[in-house]
Amino acid sequence: AKPADLWSGQGTSRWRSRAPGIWESGDGQRIDAVALVRKLADQSRDRPIVVQKCLAPHPAMRALAPDAISTIRCVTYESPSGEAKLLRAMVRLPMAGMIVDNMNAGGAIASIDPESGRLSLCIAWENGLLRRAPTLPHTGAQVEGATIPLWPEAHRMALAAQEAAGLPTVGWDFAICDGGPILLEANIRWGGHLLTFPTQSPLSDTEFPAAYIHHWSRGVRNA
């Protein structure tokens, strides 16, 4: 359950069924189903709450982060010629004990090679500082060189979503599960730092500036 009008995983809670009609939160609080519905309803009076099924990650993703879903973000755009293209992609990795994977909440990130699905060095928080390394701090899980499972399927889904969206550029978030990639949400503000931190390569090295100017100028003429 998470607030619909916040970001970076703020206010998120995870509840798991422990017995018929009994639910447990991440901090060990147990309440019955009626009390849980009442609790979420009370929270929704302050801000809207999104309630989603808690997904299980693909086994290969558990090797990187066993405690929560790691989402991949595929940023796509419409090229000046009208073709849906992948700008860049990255994965967010929750640290031990986290139920969200956002970097601002303490998670790590790594870039995804669009051809192979292999990961770059990761950027992770350690002792209050960001570090760039081949492994995750604390667990030592190998990130660099690991491959995102079902990457070709996620890549194709992102391009198909871009074609259907009719927007200049979108950041699509996917969960990689046993049954395949699941599209979770679309972001029109997709965070350029997430695409540049791991590789230290600016977006000026891509077609993005030309595509941005193309759509911006088209908008001015149509105003």
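**Close-up views of a predicted model**

View 1. A search of the whole structure turns up 0 disulfides, a disulfide being a pair of cysteine sulfur atoms within 2.5 Å. Cysteine 74 is in no disulfide, and the nearest cysteine sulfur, that of cysteine 177, is 14 Å away. Cysteine 122 is in no disulfide either; for this residue the nearest cysteine sulfur belongs to cysteine 74, 19 Å away. Cysteine 74 counts as buried because its relative accessibility is 0% (buried means under 20% relative accessible area, exposed over 50%, partly exposed in between, with a 1.4 Å probe and protein chains only).

A note on reading these views: this is a predicted model, in which local features need pLDDT of at least 70, side-chain atom pairs count only at pLDDT 80 or more, and totals for chains, interfaces and linings use all residues. Residues are numbered from 1 along each chain as its sequence is written, and side-chain values use heavy atoms, leaving out hydrogens and water.

**View 2. Strand β11 and its partners.** Strand β6 (residues 71–78) runs antiparallel to β11, joined by 7 bridges; strands pair if DSSP finds at least two bridges between them. Threonine 76 has valine 170 in β11 as its bridge partner. β11 also forms a hairpin with β12, with 2 residues between them.

**View 3. Serine 111 in strand β8.** Serine 111 lies in β8, residues 108–112, and is buried, with a relative accessible area of 9%.

Technical notes: Helix = DSSP H or I, 4+ residues; strand = E, 2+ residues; numbered from the N terminus.
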